[in-house]
Amino acid sequence: MIDNLIDSLIADAVELKPAPHPFTLSLQWLGVAAIYLALSFALFGQRPDLAAQFHQPWFTAEIAALLCILVATSLSAALLVFPDLHQLRGFAFAPLAAFVLLIVVLFFAWQADTPPALLPVHSFECTISIALFSLLPAGGMFFVMHHFASTHYRWAGSVALLFAFSVGALWLRLFEVNNSIVHVIEWHYLPMLAIGVTGMWLGKKILKW
């Protein structure tokens, strides 16, 4: 009787696919983000003075810092979906260092902006554009993360939304003709504070199990 029960349970067992390593998951998200950006530039183009802008050291440093944030947040989000952070707790806090780097770069860029570049005629439209561009990567990340068992769902949601918003910020910085660092700080990067808080709320709603 017991042998029959065991055989029945074995026959009904569903083979579970092993979860990907966090590094693999992070690379997958970065790859999808790269394809998303490439398609966007192919469809809508990029700022016409982009090549000249990369001769400006602080613009180049800002783009490099944004790329660091993308890598750091993708890796952190991939670790935070595992209850034990895959025993790589230190890497989960990598976004903190990346954001400190961005703040330092923006400070020196602001100091070097003398005389200040003219402010664009628009303001909050940039924040809205970044947020709308971020919807697709944010939705994709939350869909994938929902299938894991995060016990750090608030931080996971926050980091995931910051990753998506950073994709949008990178896109707009390479698309919009705008040299005002004051505008960039105010309408591109400061909204990240609200995005981080919103991500914590979404994490609790979507990722809690």
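Which residues make the nonpolar surface patch of about 760 Å²? In this predicted model, the patch brings together W58, V100, V104, F107, F108, W110, L119 and V182. Helix α6, spanning residues 94-112, supplies the largest share of the patch, with five residues. Another member, V182, sits in helix α9, which covers residues 181-189.

Attention now turns to the aromatic side chains. The structure contains nine aromatic pairs. One of them joins F54 and F59: the ring centres lie 5.4 Å apart and the planes meet at 75 degrees, so this pair is edge-to-face. The two partners can also be described by their accessibility. F54 has a relative accessibility of 37% and therefore counts as partly exposed, whereas F59, with a relative accessible area of 5%, is buried.

The rings of F82 and F148 also form a pair, with centres 5.5 Å apart and planes at 70 degrees, so the arrangement is edge-to-face. This pair links distant parts of the chain, its residues being 66 residues apart. F82 belongs to the loop between α4 (57-80) and α5 (89-92), while F148 belongs to the loop between α7 (125-145) and α8 (153-175). Both F82 and F148 are buried.

Aromatic residues also come together in a group: Y36, F133, W171 and F175 form one aromatic cluster.

Notes. Residues are numbered from 1 along each chain as its sequence is written. This is a predicted model: local features need pLDDT of at least 70, side-chain atom pairs count only at pLDDT 80 or more; totals for chains, interfaces and linings use all residues. Side-chain values use heavy atoms; hydrogens and water are left out. Patches are made of residues with over 30% relative accessible area and no salt bridge: like charges are joined within 9 Å, nonpolar side chains (Val, Leu, Ile, Met, Phe, Trp, Tyr) within 5 Å. Accessible areas come from the Shrake-Rupley method with a 1.4 Å probe; for residues, only the protein chains shown count as cover. A salt bridge is a side-chain nitrogen of Lys or Arg within 4 Å of a carboxyl oxygen of Asp or Glu. Helices (H or I, at least four residues) and strands (E, at least two) are DSSP runs, numbered from the N terminus. Rings of Phe, Tyr and Trp (its six-membered ring) pair if their centres lie within 6.5 Å; planes under 30 degrees apart count as stacked, over 60 as edge-to-face and the rest as tilted. Buried means under 20% relative accessible area, exposed over 50%, partly exposed in between (1.4 Å probe, protein chains only).
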